[in-house]
Amino acid sequence: MVLDIKEVICIMCPLGCKMKVKIEGNKISQSQGNKCERGLIYAYQEVFFAGRILTTTVKTANPKVPLLPVRSDKEIPKKRLIDCMMEIAKHSIGDTMPAGQIVIRDILHLGVNIISTRAIS
Amino acid sequence: MIAKEVDLVVIGGGAAGMAAAIKASESGLKNVIVLERAEAPGGLLQQCIHNGFGIHYFNEDLTGPEYAERFIERLSSMNIRLALNTMVTHLYPDRSVIAINSDWGEFRVLPRAVILAMGCREKTRPQIAIPGTRPAGIFTAGLAQRLVNIDGYLPGKEIVILGSGDVGMIMARRLHLEGCNVKAVVEVMSYTGGLIRNKVQCLHDFNIPLLLEHAVTEIYGNHRVRGVKIARVDKAQNIIINSECSISCDCLLISAGLIPENELSKEAGIQLDELTDGPVVDEFLQTSIDGIFAAGNVLQTWDLVDNVTLDGEKAGKNAARYVDGELMKSPNEIKVIAGENIKSLTPQKIIGFEDIELVIRVQQPIEGAELIVGNKRKRYKVITHSEVIKVNIKASSLETLRKKGRVKISCFKR
């Protein structure tokens with residue numbers, strides 16, 4: 001059984017509890033510092049499934065709108081965010097694009113699409 | 001000069017202005033015009049490409065452009081005129097507005113009501129008085145955000161950010177993701193200026209150093225920024241001697257707070273509040289001039305765009321009621337007074353007979369706080385400086401307050 005202690009700052013409310021959680025296998029066996037139960041739920045998510053929505057831009061061929069803002073349609077594992085940025089940098093689009101359109105499908109086989117967040121016409 | 005007679009003119013087509021125009025139109029105003037300086041509506045939202053918008057208002061996690069688009073769509077589906085590339089140059093006490101654009105030239109608008117929704121500006125280097133040379137490479141965080149997200153330029157490669165407000169922290173992450181070396185976020189207070197979520201997701205996620213209780217004391221470089229000198233500060237924010245050290249960098253971003261943009265309000269003679277830097281308003285968001293309302297960041301710097309939208313809607317609804325002659329006013333107003341640990345509050349006066357929503361911001365975060373509103377006490381697990389607090393006063397308790405003529409708001413540790 002793997003034993004590990006991690007520090008997590010809860011973002012569920014403005015208190016921002018600094019927590020220490022003990023990890024045993026795929027469970028949190030003990031927690032310290034959280035002032036309510038929501039902290040535990042957050043810490044579990046943060047320890048085992050830490051992911052973030054990635055937002056950035058993609059180059060366009062439209063001189064009036066040189067960048068298209070994009071986002072991931074699901075969370076990306078935190079450790080792969082920079083890899084995704086490197087991949088997105090290789091892409092560019094034409095001079096028009098509707099909003100909510102897939103720009104990069106299944107980026108780095110993570111099961112996540114990169115979609116446009118505005119229209120360019 | 002062309003003169004246009006309208007029911008309502010909204011100055012500014014950002015989050016507050018769009019919400020105000022939509023609500024006023026829904027409340028029955030037929031002839032509404034929005035005057036917007038930029039070439040597209042949406043204001044600051046267009047450059048805020050990150051997510052976190054709309055969680056309260058739409059119950060969805062949207063990016064800035066997505067949030068703006070929802071309102072742009074509604075605005076354009078309604079009978080509201082949107083004048084883009086239009087600069088308002090004057091606002092007079094009789095509510096008349098002078099503006100200029102390339103379609104109509106200089107023109108006058110004669111409205112029955114005005115809503116101020118001009119938003120805010122960032123504090124710049126002179127306003128926080130950092131000594132040193134004046135090289136290239138010093139930007140406000142919001143300008144850098146525009147350069148990176150809209151225009152496609154990086155402001156530098158080695159970055160120091162002064163101020164840990166939300167824009168500063170969001171730019172730290174953004175520049176890190178774009179390959180810059182963000183060397184430090186320097187904050188004079190003993191806690192971050194912005195939301196806890198941004199501290200974790202923008203700084204901790206990428207191991208960006210946060211230097212609390214530090215100040216930038218000098219900027220080096222002749223043509224281009226070469227570095228900054230930083231120093232620790234004590235509790236009174238005085239620089240601690242012999243604590244100075246230098247950080248080399250080619251760019252300094254300043255995220256030192258926002259100031260409501262009230263040049264037009266001043267010209268019209270609208271009374272401004274020292275605490276908010278925005279107009280003094282009553283609970284209808286009406287300024288010291290009858291029929292001129294204010295909403296959003298021109299009134300006070302808000303925490304979340306969701307609140308800016310709600311504020312805009314409130315001004316829009318009340319402007320419509322004003323035009324219809326429905327705003328009931330008491331001859332005796334109640335002054336709302338800021339007491340202990342209150343940074344700002346609106347409205348500053350209560351004139352009517354309806355339920356009131358007070359919007360309060362504290363100076364310092366307090367864990368285990370008690371908020372005192374007149375003779376009522378309310379307990380909170382925590383109250384922070386980075387989020388506004390909304391408190392209601394029931395219409396039924398207004399009569400007692402009106403006899404006193406004032407209600408004082410304070411916040412203490414229990």
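Which handedness, left-handed or right-handed, does the crossing of α5(B) and α6(B) have? Keep the question in mind while selecting; the model on screen is a predicted one.

**Stop 1: two helices of chain B**

Select residues 166-177 of chain B for helix α5, then residues 196-203 of chain B for helix α6. Their axes come within 8 Å and cross at roughly 20 degrees. Angles under 35 degrees count as roughly parallel, and α5(B) and α6(B) are therefore roughly parallel to each other. The crossing of α5(B) and α6(B) is left-handed.

Now show the side chains at the contact. From α5(B), pick B:D166, B:M169, B:I170, B:A172 and B:R173. They meet B:N198, B:K199, B:Q201, B:C202 and B:L203 of α6(B). Sorted by class, the contact of α5(B) with α6(B) has five nonpolar, two polar and three charged residues.

**Stop 2: the interface of chain B and chain A**

Colour by chain and move to the contact, where chain B supplies 29 residues and chain A 26 residues. About 2400 Å² is buried between chain B and chain A, and carbon and sulfur atoms give 63% of that area. Four salt bridges are found across this interface. For a salt bridge between the chains, select A:R71 and B:E66, whose closest N and O atoms are 2.7 Å apart.

**Stop 3**

Over all chains the structure holds 25 salt bridges. Select B:R70 and B:E60, whose side chains form one at 3.0 Å, N to O. B:R70 sits in helix α2 (residues 64-77) of chain B and B:E60 in the loop between β3 (51-53) and β4 (62-63) of chain B, so this pair ties together parts 10 residues apart in sequence.

Methods
Residues numbered from 1 in each chain as written. Chains lettered and ligands numbered in written order. Predicted model: local features only at pLDDT ≥ 70, side-chain atom pairs only at ≥ 80, totals over all residues. Heavy atoms only, no water. Axes fitted to C-alpha atoms, helices over the stretch in contact; angles between N-to-C directions. Helix = DSSP H or I, 4+ residues; strand = E, 2+ residues; numbered from the N terminus. Parallel < 35°, antiparallel > 145°, perpendicular 65-115°, else oblique. Left-handed = near helix turned anticlockwise from the far one by under 90°. Contact = heavy atoms within 4.5 Å. Nonpolar A, V, L, I, M, F, W, Y, C, P; charged D, E, K, R; others polar. Buried area = accessible area lost by both parts, 1.4 Å probe.
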